[in-house]
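Colleague: I'm new to this one, could you walk me through it? I'll just ask things as they come to me.

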Amino acid sequence: MLTKKTLVMLSTLTLATTCVAFSTPTTEAAAEDAYSQKIEAKAETRPTLRKGSHSSYVRDLQQSLKDLKYNTSVDGIFGTRTQNVVKEFQTDHRLSPDGIVGPLTWAALDENKVERKQFPVSTAIAFGKKELGDNIVFSTDDRLRKDNNDKAYYRFVAKNKDWMDQGGSGTIGWYHIYKSGDVIEESN
């Protein structure tokens, strides 16, 4: 026979266990959503930058773009060159290429840094060699891009070593190599 004290303890334990089970996000989607919110919150704390801006934020922007393999100087002055590089980055990441760095562009810069760490160029080359063979040389501008489905890829030109040794260009085609391992020939 259960005592009143035992019943109260069992009820309390059941309630506590139920609360923990329902309040703890355990799905990958919940974790990604929380991470996405963190990136967006960080992006929203930085100022909007445009041509004519000059500050440490411009220097940070320029350094981020340079780290992502965009050709820009790091001088803290948002001039025509920086504006053009920002437009290039925005185009590569399916943002409106207006040359203005607001919350969406900051968020894309932050996300791109993380994705580049998770999916480096060396991994993409390994996927390409697995698909097309070891006799292929790949070259790229090292920029991580987004396709229409928001999936990250690197764009490579693939060249056949034997063809190059025989004096030809060796080019067999342009390929998009995805984080998933998919290697898709670019259609023109």
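This is a predicted model: local features need pLDDT of at least 70, side-chain atom pairs count only at pLDDT 80 or more; totals for chains, interfaces and linings use all residues.

Colleague: Okay. Is Ser64 buried or exposed?

Modeller: Buried. Its relative accessible area is 8%, and the cut-off for buried is under 20%.

Colleague: What does Ser64 touch, leaving out residues up to four places away in sequence?

Modeller: Leu109 and Lys113. Leu109 also turns up in the largest nonpolar core, as one of the residues with the most contacts inside it.

Colleague: How many residues does that largest core have, and which elements give two or more of them?

Modeller: The core has 14 residues. Helices H3 (56–67), H4 (80–92) and H5 (103–118) each supply two or more. Besides Leu109, the residues with the most contacts inside the core include Leu61, Leu65, Phe78 and Val101.

Colleague: Pick Val101, then. What does Val101 touch?

Modeller: Setting aside residues up to four places away in sequence, Val101 touches Pro47, Thr48, Leu49, Leu61, Phe78, Val86 and Trp106.

Colleague: Why would residues three or four places apart in an α-helix point the same way?

Modeller: Because an α-helix has 3.6 residues a turn.

Colleague: What follows H4?

Modeller: Arg94 does, in the loop between H4 and H5. Its phi is positive, about 55°, although Arg94 is not a glycine.

Colleague: Changing topic: strands. How many bridges join E1 to E2, and which way do they run?

Modeller: There are 8 bridges, and E1 and E2 run antiparallel. One of the bridge pairs is Arg145 with Tyr153 in E2. The two strands form a hairpin with 5 residues between them, where Asp150 takes a positive phi near 65°.

Colleague: You mentioned Tyr153. Is Tyr153 buried or exposed?

Modeller: Tyr153 is buried, with a relative accessible area of 10%. Not counting residues up to four places away in sequence, its contacts include Phe119, Arg143, Leu144, His176 and Ile177.

Colleague: How far apart are Tyr153 and Ile177?

Modeller: They're 24 residues apart in sequence, and 5.3 Å apart in space from C-alpha to C-alpha.

Colleague: So what does E2 do with E3?

Modeller: E2 (residues 152–160) and E3 (residues 171–178) pair in the antiparallel sense over 7 bridges. For instance, Val157 has Trp174 in E3 as its bridge partner.

Colleague: And where does E4 come in?

Modeller: E4 (residues 183–185) is joined to E3 by 3 bridges, and those two run antiparallel. Tyr175 stands opposite Glu185 in E4. E3 and E4 form a hairpin with 4 residues between them, and Gly181 in the turn has a positive phi of about 100°.

Colleague: Last topic: what's the average pLDDT?

Modeller: The protein averages 83, and 76% of the residues score at least 70. Over residues 6–10, though, pLDDT is below 50, and that stretch has 1 contact in the model beyond near neighbours in sequence.

Colleague: Where else does pLDDT stay under 50?

Modeller: Over residues 12–32. For that stretch the model has 1 contact beyond four places in sequence.

How values were computed. Residues are numbered from 1 along each chain as its sequence is written. Side-chain values use heavy atoms; hydrogens and water are left out. Two strands pair if DSSP finds at least two bridges between them. pLDDT is the predictor's confidence in each residue, from 0 to 100. Contact means heavy atoms within 4.5 Å. A nonpolar core is a set of buried Ala, Val, Leu, Ile, Met, Phe, Trp, Tyr and Cys residues joined through side-chain atoms within 4.5 Å. Buried means under 20% relative accessible area, exposed over 50%, partly exposed in between (1.4 Å probe, protein chains only).
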